Amino acid sequence: TGAGNDAAGIVGNVGGSGAANLRSAIAGSTSGNGFGIGDSQNKTFTSRVGGSVSVVGGAQIDYAAINGTTVGGGVSLALGNGENTGFVSGIGATIGSFAYTGGTANDTVGLTKQATVKNGVSVFTGTQGQDSIELNLSMGYTIGGSVVLNTGAGGGDDSVFVGNGNVRGQLSVTTGAGNDEIDVDYVKVGLGLAVNSGAGNDDIELNSNTVGVNTVIDAGAGNDSVFLS
């Protein structure tokens with residue numbers, strides 16, 4: 001897509017790969033660019049992409065969503081410096097891997113609803129912004145590799161939630177300066193669990209998890225609260 005506020009979507013099956021370059025939306029607009037694959041309500045059928053899905057954003061607002069779509073390769077969302085949202089809603093579908101890269105503004109990233117990931121998950125929301133990462137899986141669904149979540153070294157008040165499901169590799173959560181909230185609940189981690197919340201008054205809660213190796217928590221400078229049950 002070129003300059004301006006654009007929207008593109010696919011509902012159906014793609015034998016090869018899918019790629020979108022959203023370029024720049026109108027500065028100051030509240031809508032920006034959007035790209036989606038699949039039926040968000042899963043009312044008709046599950047889509048399939050044989051190869052990979054790649055979405056590149058511009059300098060303004062970008063939104064990318066992969067809904068109920070099995071992807072043979074990886075899903076890569078690099079949405080740039082705008083206030084961005086990137087979601088994979090599994091609805092029982094399987095993807096090869098998930099990677100998200102943000103920029104200097106606020107990012108919202110989600111992997112939800114019975115999503116199975118064959119390999120790993122990597123999220124870096126960029127150097128600045130007040131960011132939110134949510135991996136709300138369902139019991140019994142698996143991430144085959146490691147999960148690395150990083151909101152950058154900036155001073156935003158970030159939120160990270162990982163709930164339910166299995167992570168066969170390592171689970172690592174890193175947030176920068178700011179008053180951050182980190183919750184990991186009902187997750188089975190095959191290897192180690194590491195949390196580093198940086199400077200600021202942080203709230204860390206780890207509830208009903210099983211960790212195969214070590215759990216390491218570094219809450220950084222500030223008045224922090226750490227709770228394990």
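Leu111 sits across from Leu135 of β14, where strands (E) are DSSP runs of at least two residues, numbered from the N terminus. This pair belongs to the contact between β11 and β14, which line up parallel over 5 bridges; two strands count as paired if DSSP finds at least two bridges between them. The model is a predicted one, so to speak of local features takes a pLDDT of at least 70, and side-chain atom pairs count only at pLDDT 80 or more, while totals for chains, interfaces and linings use all residues. Residues are numbered from 1 along each chain as its sequence is written, and side-chain values use heavy atoms, with hydrogens and water left out.

Moving on along the sheet, β14 (residues 132–136) also pairs with β17 (residues 159–163), again in the parallel sense and over 5 bridges. Here Glu134 faces Phe161 of β17. Phe161 has a bridge partner in β20 too, namely Asp183. The β17 and β20 strands run parallel and are joined by 5 bridges.

Put together, these strands are part of an open sheet of 10 strands with parallel pairing, in the order β1-β4-β7-β9-β11-β14-β17-β20-β23-β26. At the edges are β1 (7–10) and β26 (225–228), each of which pairs on one side only. From one strand to the next the twist averages 5°, with axes taken as lines fitted to C-alpha atoms (for helices, over the stretch in contact) and angles running from 0 to 180 degrees between N-to-C directions. As a general point, strands of a sheet pair through backbone hydrogen bonds, either parallel or antiparallel.

Lys113 is not a glycine, yet its phi is positive, at about 60°. Lys113 falls in the loop between β11 (107–112) and β12 (116–117). With a relative accessible area of 48%, Lys113 is partly exposed; by the cut-offs used, buried means under 20% relative accessible area, exposed over 50%, and partly exposed in between (1.4 Å probe, protein chains only).

Tyr186 is another non-glycine with a positive phi, this one about 55°. Tyr186 belongs to the loop between β20 (181–185) and β21 (188–189), and is partly exposed at 49% relative accessibility.

A glycine turns up in the loop between β3 (18–21) and β4 (33–37): Gly28. Gly28 is exposed, at 72% relative accessibility. Between the C-alpha atoms of Gly28 and Thr174, which are 146 residues apart along the chain, the separation is 31 Å.

Key: Helix = DSSP H or I, 4+ residues; strand = E, 2+ residues; numbered from the N terminus.
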